[in-house]
Structure formats: C-alpha cells, structure tokens
Amino acid sequence: MPEKVILVVDGQEMELPIVTGTEGEQAVDITQLRNRTGLTTYDPSFGNTSACKSTITFIDGEKGILRYRGIPIEEFTEAPNFVEVAWLLIFGRLPKRDDLAQFRDQLTANELLHEGLRHQFQHIPVEAPPMAILSAMLSNMACFYPGFLSLDDSDTFTEAAARLISKVRTIAAFSYRRSLGLPIIYPDPNLRYCANLLHMIFSIPYQQHVVTPEIEDALNLIFILHADHEQNCSAATVRTVGSSHANLFASCAAGVSALWGPLHGGANVEVLQMLERIHQGGMSAADCIAAAKARDKKFRLYGFGHRVYKNYDPRAKLLKQACDRVFATVDRSDPLLDIARKLEELALKDSYFVDRNLYPNVDFYSGILLRAMGIPTNMFTVCFAIGRLPGWIAQWKEQHDDADSRITRPRQVYVGPPCTAYVPIADR
Ligand code: SDX
C-alpha cells in the first residue's frame, strides 16, 4: 500500500500524504493542493472523493460488507431491535439496559405531535406526496420546538434526537390516515416503537390493530437495514446543511428531500410500479431487461445497481430472506415477489448487468416486504426515511462534534463565457 503519492506540477514535485482507514482503504490527502499548486480536483458526483473521516458505518462494496459501528448487519437479524441500533449509531456503542430504557422513555414521552403541528394536517391536500409532508413537518419542528435549535449540550441533543425519531413515526402515520380520509389514531405509550407505528397506521377507533411478532420483527429489520449507509446522497445532504451550523431539524428535513429522488430512496416506489406493470401485462420481465439495457437510458431496472456495491447488496439478501418468512406467516404469496425473482435471475445472467456489476440493492425487495405488511406504495420512501433518520442524526452529530469541521463549499471549473460587456436593452 502506498505511503505517499508524488504529484509533479510544472516540473515541481509535491508529496501528498495518504490517509489510511481501519480496513486499509486509502485516500490521497489533497487538503493543501490548491494552496500549494493552485490546482483543484475534478470529481462531479464525488464518486472518487472521501468527504470526511467517519467511525459510524463501514461498507466494502466489492465484498458486499456493511457494518454499523463495526458490527456486521447480519448480527442484528436474530432479534431485530431498531431502537437499539438507532442508539448504537448515534452514541457509538451498544446501549446498556439503562440506556435503552431511558431512550425508550424519551421516545414514548415524545410520540405525540404539538397540536399546532397536528392541525396543519387539516390544510394539506389529501393527495399530497407523503415525502413532501414529511420534509415540511420535520422542518416545522423548528417552529414548535425552538429550544432545540442549538444543540451544544448532550442532553439537549439526545432530547432532540428522541423527538425526531419518535415523531417521524407519528407524522408518517398521520399523513397516511389523512390521505385516506381516516381519523388519526394516536400513539399508544404501551407499544414498542414498530408496533406503535403499525397501530397508528392500521387501528380504527375501538379496534386496536394486532401486530404479530413476525411482522413486528420484519419492520424492525427493515428499519435496521435502512438505518445508515455512510456518505450516501441524503446523508451527505444532511452533513452539507449541518456544516453551516443549521439545526438538526432543518438538516434532516433536507435529507428527506434528497432521499425522495427515484435514484435514491424513491427507487423502492419505482420498483413496485415496475413489478406491477409486468404483473398487469404492460410489459414482460424480458421487456424490462431490454428497456434497462437500451442506450437512451430512459428506463432503469430500479432496485438494481449501486454507486458503492459492485456485489450483491447485503441488505437485499436479508430482505429477500425476510420476504419468505413474512409470506409464510401471512400464509399467502405475492406474484410480485415471483416477478422480482424472475427479473433478478434474468439480469444476473445478462452480460450487460454482470459486466457493470449491477446487482439487487436495498430497494429491490424492501417494497415487497412492506406491501406484505399492508403498507401502501406511496409510504415506502417514508418508511425508508424513518429507518434512515438515526443515521442522519449520527452523521450530523459526528460532523457537529468535529472541531476540524468546516462549512461545505466545493469549488468548480468555470466553463461559461469570458468577461462580456453589458448591452443596454435598447441595443439588444
Ligand atoms: C439507494 O449511495 C447509497 O448508499 C444509496 C443507498 C443508501 O442506503 O443510502 O444504498 C440507497 O439509493 C440504492 C440505489 C437505489 N436506486 C436505484 O435502484 C435506481 C436504479 N439504479 C441506478 O440508477 C444506479 O445504479 C445508481 C443511481 C444506484 C448508481 O448510479 P451510478 O453509480 O452513477 O452508476 P452509473 O449511472 O454510472 O451506471 C454505470 C452504468 C451505466 O451504463 P454505461 O454508461 O456504462 O453504459 O450502469 C448502468 C448505467 O446506465 N446502470 C444501469 C442501472 N444502474 C446503472 N442500467 C440499467 N438499470 C440500472 N438500474
């Protein structure tokens, strides 16, 4: 492994140090490049750029490895506990019983919305996109909880984190119920995190929704597998907004907007719509593969491919296994799961996908699993956001606590017009 790299600029040699990570990954430290050479680097979507040093999540894209604070995600599948993993990501170690009990109490104490926030649901069109509602409501939390805009002491930070993680569920459920013209169902303080969300989504007055252990485990697993993914688009957005010292609510609201995109968290909705089109005969699986390979790039095989994983996304593997377990308990199958399996089989035999290392990613099976729980397609990306929130909070805090952190401000290569004279409108 190189200890340094030498850059030669106009005959002058410049030694650039190497930063080496825990698992041996290496980065060229260019923090002094412009000062010493006047040069910047060009890497438009930062695919070759490490934006920070982080201790939160490790991904090995070639080997299909994902670890939270060093723990492989496979270790969380036995008795999946999303609140425990959220605490691990945010605070950097596995919680002791007291830590977990205290955090659970904070989540319970913060599960209701301020009535002023709740009333805002009355003025939102029923067809409003749930991700628009979620982003707006998270941002709005700054209006109703002004005491949590500067988070310099750990207790205030923990309380703000608990408010976000707890209320995001209530916001999601309320927006779902509103979209169906149903009465909202208040959270039940006696229920655990995931069971409470399912209660708020599916209960009706005087008839509490019964959550089976298998479904509760499956939802915990879904949220765990979505909880963090190092410097993905939405986490990088949260860091960028937080780098200006914007508050945690505003930073996470920005993360929701980034996640909404169909190339990122919105892909789970696109996957279901793609599978539905095949199921309804709109196109065959082979047509889908052919369309995805077409040069015009108008269509993608959603749920496939990844900037980092050039192997099977370990989350997709676990979600696919969870589908089998859940369908066994609900005692029914889903033709879309069979179609998904067929698509995967065709793609993984096709050189277009194999040559480009395109494998199923987290979004390929997550929607089928959520659908098995009765969660509608338009709530899939919101569920992704509920899972990802602890990761965004952890990333925001790591940057906030880093004394060397500076405001994010990339440079550019200007390719616009040279200096040009203004022409008065009379002469144009
Ligand atoms: C998530 O970053 C993260 O960690 C994200 C995430 C997280 O947890 O935060 O893992 C969650 O966002 C998962 C990805 C969800 N998105 C999708 O499923 C959308 C479909 N996938 C693609 O759009 C794409 O694979 C991306 C966006 C995921 C990755 O894009 P890249 O790294 O920029 O890859 P690329 O566009 O440069 O593709 C390289 C080649 C291109 O073909 P050529 O130019 O070489 O001919 O692969 C092709 C692409 O056209 N390609 C696809 C494809 N994905 C890549 N072709 C068809 N279908 C696809 N899905």
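Which helices each supply at least two residues of the lining of the second largest pocket? In this predicted model, the helices in question are H3 (97-109), H7 (193-202) and H8. The volume of the second largest pocket is about 280 Å³. A total of 19 residues line this pocket, and those closest to its centre are Arg104, Leu191, Arg192, Tyr193 and Cys194. Helix H8 gives the most to the lining, with 4 residues. By residue class, the lining of the second largest pocket comprises 8 nonpolar, 5 polar and 6 charged residues.

Helix H8, which spans residues 213-225, also takes part in a helix pair. It packs with helix H13 (residues 314-329) at an angle of about 165 degrees, and the two axes lie 10 Å apart. Because angles over 145 degrees count as roughly antiparallel, H8 is described as roughly antiparallel to H13. The crossing in which H8 passes H13 is left-handed.

The structure holds 1 cavity of 30 Å³ or more, and the volume of the largest cavity is about 30 Å³. Its lining is formed by Ile124, Pro125, Val126, Ala128, Pro130, Ile133, Ser175, Arg178 and Ser179. Two or more of these lining residues come from each of helix H5 (130-144) and helix H6 (154-179). The greatest contribution is that of H6, with 3 residues. In terms of residue class, 6 residues of the cavity lining are nonpolar, 2 are polar and 1 is charged.

The strands were examined next. An open sheet is formed by 3 strands, arranged in the order S1-S2-S3 with antiparallel pairing. Strand S1 (4-9) and strand S3 (26-28) are the edge strands, each pairing on one side only. From one strand to the next, the twist averages 30 degrees. In general, strands of a sheet pair through backbone hydrogen bonds, in either a parallel or an antiparallel manner. Between S1 and strand S2 (residues 12-20), which run antiparallel, there are 6 bridges. With regard to individual residues, Lys4 has Pro17 as its bridge partner in S2.

The lining of the largest cavity, by contrast, draws two or more residues from each of H5 and H6.

Technical notes:
Residues are numbered from 1 along each chain as its sequence is written. This is a predicted model: local features need pLDDT of at least 70, side-chain atom pairs count only at pLDDT 80 or more; totals for chains, interfaces and linings use all residues. Side-chain values use heavy atoms; hydrogens and water are left out. Two strands pair if DSSP finds at least two bridges between them. Axes are lines fitted to C-alpha atoms, for helices over the stretch in contact, and angles run from 0 to 180 degrees between N-to-C directions. On a 1 Å grid over the protein atoms alone, a cavity is a set of points where a 1.4 Å probe fits but cannot get out, and a pocket is an open set with protein on both sides within 12 Å along at least five of seven lines; lining residues have an atom within 4 Å of a point. Grid points are joined across faces, edges and corners, and a volume is the space filled by probe spheres set on the points. Ala, Val, Leu, Ile, Met, Phe, Trp, Tyr, Cys and Pro count as nonpolar, Asp, Glu, Lys and Arg as charged, and the others, Gly among them, as polar. Angles under 35 degrees count as roughly parallel, over 145 as roughly antiparallel, 65 to 115 as roughly perpendicular and the rest as oblique. A crossing is left-handed if the near helix is turned anticlockwise from the far one by less than a right angle, and right-handed if clockwise.
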